[in-house]
Amino acid sequence: MTISGLHAQEMNNPDFDITHYSDENGLPQNSVKAITKDSNGFVWLATEDGLVRFDGQSFYTFNRTNLSITSNRIYGFVPSLKDYTPYNKDFTALNENLEYIKIRSDGSTQIEKKFLNYHQSTSPYGTDIRGGIYIMRSLPSIYGIAQNHEPFLYPAGSKKFYVWHKDRVEYFIKKDRQWSSKGNFKELFILSSVPYVTLMNGEFARLESNGKVCHVSLRGDILNGRSFNIRQLKYKLFWDNISQRAYVYHNQRFYSLEESADRSSLLTKLIVSGFDFDDFNIVTAHYDDKLNYLFLGSYTKGLFVLRRKDFFTKRDEKKGADNVYYAQVPVSDGSVLSTQGHIFTSGEKAIAKNYTEMDHSMDMNSKYFMAQNHDLSFWIRTSASLTRFSSKGDKILQTYELKNRIKALYADRGDTLWIGGEQDSLFLLNTKDYQATPKLIYNGAIGEISCISRLRGYELMLGTKNGLFLYNIQTGSMKPIKGLEKVSVRSIYESDGYIWITTYGDGIYMYYRGKATKLPLDKNQFLATSHCILEDKRGFFWITTNKGLFQVLKNDLLNYVDKKLSSVYYLYYDKRHGFSSNEFNGGCQPCGLKLDNGTFSFPSMDGFVWFKPDDIKTEIPDQSIFIGKILLDGKQIDQIGLAAIPRDFKQLNLSVSTPYFNSKSNLHITYSIQEAGQNEVWLPVSENLNINFPIASSGNYSLVIRKQNGFGADNYTYKKLKIFVVPAWYETWVFRALCLVLIGFCFLLILRKRTSYLLKKEREKNVYRQYHINNQIVTAINHDIQTPLFYISNSFTQIQEHLAKNNLNDAFVSAMSSETVNTIYYAREHTRNLLNYIKSQNQENKSELSIEKIRVFDIVQHSSNVLLGVAKHRDIKIVNKVDNDFIVETDGKLLSLIIQNLMDNAVKLSRTTVVVSTNHGNGLRQIIIDDTGKGIPDEIAEWLNASFKSYTHWMREYRYPNHKGLGLMIVKDMCILLNINVYSERVDEYGTRITLTFQTKLPGKTK
């Protein structure tokens, strides 16, 4: 598919804008043999070099480069026999080799291989009429129709057919003939499924169902031609066989043909005149009456697109005439008077009269302001004076000489004339009083006044080159409008309490209740230099600029100000619609007129532009979005190919299309490439309606294209495409899963090896480090704890000696100091035991364990004394029931550490009593510690009761419970080291019993 951009050639015509396309600006070739339009709005052309789709902006060519056909020579279009009706316009193109190309609903094409088979099986004479070449195409026939022609098949829709033989016309439903009409006919054509013929004498006739030939007359515009006689009329019949529309061309006039209500005549309506079909070799035509577009195909000169102009330019046609207009005033019967003294009427293209009285009084600066009173007399600046003319400008009524040069004039509803001076001054004149003179009412730094408007109440709004100001007529105060400082104001328009301001270079503002809001510009920013606003009956604003005319819905602007709309649609008109120049004029007052007959009049650099808004056929881009060419790294693919884009692609380009034959400036198309979890970002398509998909990582993407359909809120058409960028082999989930498995396996292997290695090193090389660290701890404890404890104990001893020596008997102080001394002393002993435990962890010190016979009563009593202070504080009673002669063989220091830790826990957890007792017999020697607490938790009991084969086994396999303390850790560790079995259990409802069991046969020295 070849896509061609357009640089169309324009041709002059007073009533139509004519654009010519050829092989130099888009067409593949200059022979356009058939034209029709599909239900999507695309115009299709049959050429010698392929089938062409035209969307108003670009040509898309389907030929052998992208279709499996044997010839590019397209003969024309025929209805699709299966689905065709005059309304759904389902049709097919065919080439010289009888290959049928189906026009699909998405704007694409495909080869229709079943067409001939279906034709032969369902249509009359299907097996007798050769191929399908004789299915009738559009008229006139390029190759002519011989008198002895073979039968032509006319599909009429809904499986109805007409067959035109050389001597008769037959009507069929499927293969069943319903009736026949005999006659020697020149041409047969169908209008809304009704058959009409032209006779050899030039007359028209309709074929009735009973076979009767009924003559019909021509009525309408064609009768306005000179010496009309149907039999002498040398006309050419044009017929679009797809839309079943017929036209007549005669004497450079082109008419449409439509049935009358009673079908007794054919109504003619003039479409275009002054266009020579013969000179341009026009052979096919299609007219869009909804939008006033006429498409003409030439056999040798390409395509002509004609559009009726909606706007008209009023200008002085005399050579060298001044057609640069600014201010204007209305006069009677829908006429307009310019500052040059030219009167233009709706029925005349040239000026009606040039009043020399005005012409002699004007200078270049007189063009910009005219102020009209209710009696239609008007005021104008002339040289250095202010002059009042009669309604038609043919008589001077009043003249005032002013010292200040005049820049602006405005007459309010009460016929008060407001005069803006050149140098920061404002005057007023009561025009009802012929004795009154202009009065200076304000002088201040407001700048040169460019426009004036009387608001409701006592406020006067002044637009200047330095901003917008409000003048209070009662108080004489002047205040600037915030937000419009230093803005050059061009015009002021008030509507329903809202003030609309145009500016030179800063766009449009809306002022309401003390707040000014800047409105958005069009996409080309032509509205930055806005001149004038007029409002029609339908609520549209018409805004003039230096680059053309815009139409916008006022309600859209209000919704934008209220933040109900994020964008505003402006419809753009340029000189193709009937202007002589795109440059409108502003800086004048009035900047535009609404005449009583509904005509709008705007001044321009080449005449006044006139139009009636109600007559404008608003052409908005409301058709669907279609995807044209898709290029992946320069190679064309279809939409299915978007489901598997290679990961290493370099460029993905998509062309977008929508049927729209007006200015491309009115196409507001944006796109968003959306990925899961990301916000929408809308970007404009390129000038040639292309989208470049950026190089992206693998994954699913949604390409969303949206088009603004015209005016109104949320008026969009969307097109969504799914794009999947295929992952590279290293991005697939299979590869990633394998990598995870491999990493996991390697991790486990390394962990296993590393663990074994570390355990081995722990046994072999880490002893010194542990020994060194333990020595540091021992030194720290000995220095930082033992020494301070010794000092505190010694101090309290001296206090006691001092009290005794000086007979200062204070029982409480003596008791407390004595108890503190004892506590500190036993704390030192406990710390010494803890140091002994730490030393026992060093491999080198295992031989220092001293196993001997230990009297347990003394150790328990020693621990009781240590814990006495805590016990008294918690009101706990410690009972030592150990037999005085109960002996065990072990390391006394470490046993003392075990018993003291267990008793310490018991005192902290008990409610009333801690009892330490012993038991021996049955080969066992046991120390039993009972408390009256809540009971040991199951998890800690399970951990404490666990048995180990050896101390090494304990060091390697021990597990820490969640709620352990250092004391129990020491107890468990020392019991295993000394081969003491420790066992804990709950007793009755409350309390815990911990039993230390010793071997009866005691070991000797243990290392």
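User: How many salt bridges are there?
Analyst: In this predicted model, the count comes to 30 salt bridges. One of them joins the side chains of Asp 278 and Lys 236, at 3.8 Å from N to O. Asp 278 lies in the loop between strands E23 and E24 and Lys 236 lies in strand E20, so this pair ties together parts that are 42 residues apart in sequence.

User: Is Asp 278 buried or exposed? And what about Lys 236?
Analyst: Asp 278 counts as exposed, at 54% relative accessibility. Lys 236 counts as partly exposed, at 28%.

User: Which residue does Asp 496 form a salt bridge with?
Analyst: Its partner is Lys 554, and the closest N and O atoms are 3.1 Å apart. Asp 496 belongs to the loop between E43 and E44, whereas Lys 554 belongs to helix H3, so the pair ties together parts 58 residues apart in sequence. Asp 496 is exposed at 58% relative accessibility, while Lys 554 is buried at 10%.

User: Why is E43 largely enclosed by the rest of the structure?
Analyst: E43 covers residues 489–495, and six of its seven residues are buried, so the strand is largely enclosed by the rest of the structure.

User: New topic: helix H10. Which residues are buried there?
Analyst: In H10, residues 938–945, the buried residues are Ile 940, Ala 941, Trp 943 and Leu 944. Seen down the helix axis, the buried residues of H10 fall within an arc of 165 degrees, so they line one face of the helix. Asp 938 and Glu 942 are exposed on the other side of H10.

User: Which residues make a nonpolar surface patch?
Analyst: Trp 733, Val 734 and Leu 738 make a nonpolar surface patch of about 380 Å². Trp 733 is placed in helix H4, residues 733–764, and is exposed with a relative accessible area of 69%.

User: And for the protein chain, how many helices and strands are there?
Analyst: The protein chain has twelve helices and 68 strands. Of its 1007 residues, 52% count as buried. The chain exposes about 48,600 Å², of which carbon and sulfur atoms supply 49%.

Conventions
Residues are numbered from 1 along each chain as its sequence is written. This is a predicted model: local features need pLDDT of at least 70, side-chain atom pairs count only at pLDDT 80 or more; totals for chains, interfaces and linings use all residues. Side-chain values use heavy atoms; hydrogens and water are left out. Patches are made of residues with over 30% relative accessible area and no salt bridge: like charges are joined within 9 Å, nonpolar side chains (Val, Leu, Ile, Met, Phe, Trp, Tyr) within 5 Å. Accessible areas come from the Shrake-Rupley method with a 1.4 Å probe; for residues, only the protein chains shown count as cover. A salt bridge is a side-chain nitrogen of Lys or Arg within 4 Å of a carboxyl oxygen of Asp or Glu. Helices (H or I, at least four residues) and strands (E, at least two) are DSSP runs, numbered from the N terminus. Buried means under 20% relative accessible area, exposed over 50%, partly exposed in between (1.4 Å probe, protein chains only). The arc is that of the directions from the helix axis to the C-beta atoms.
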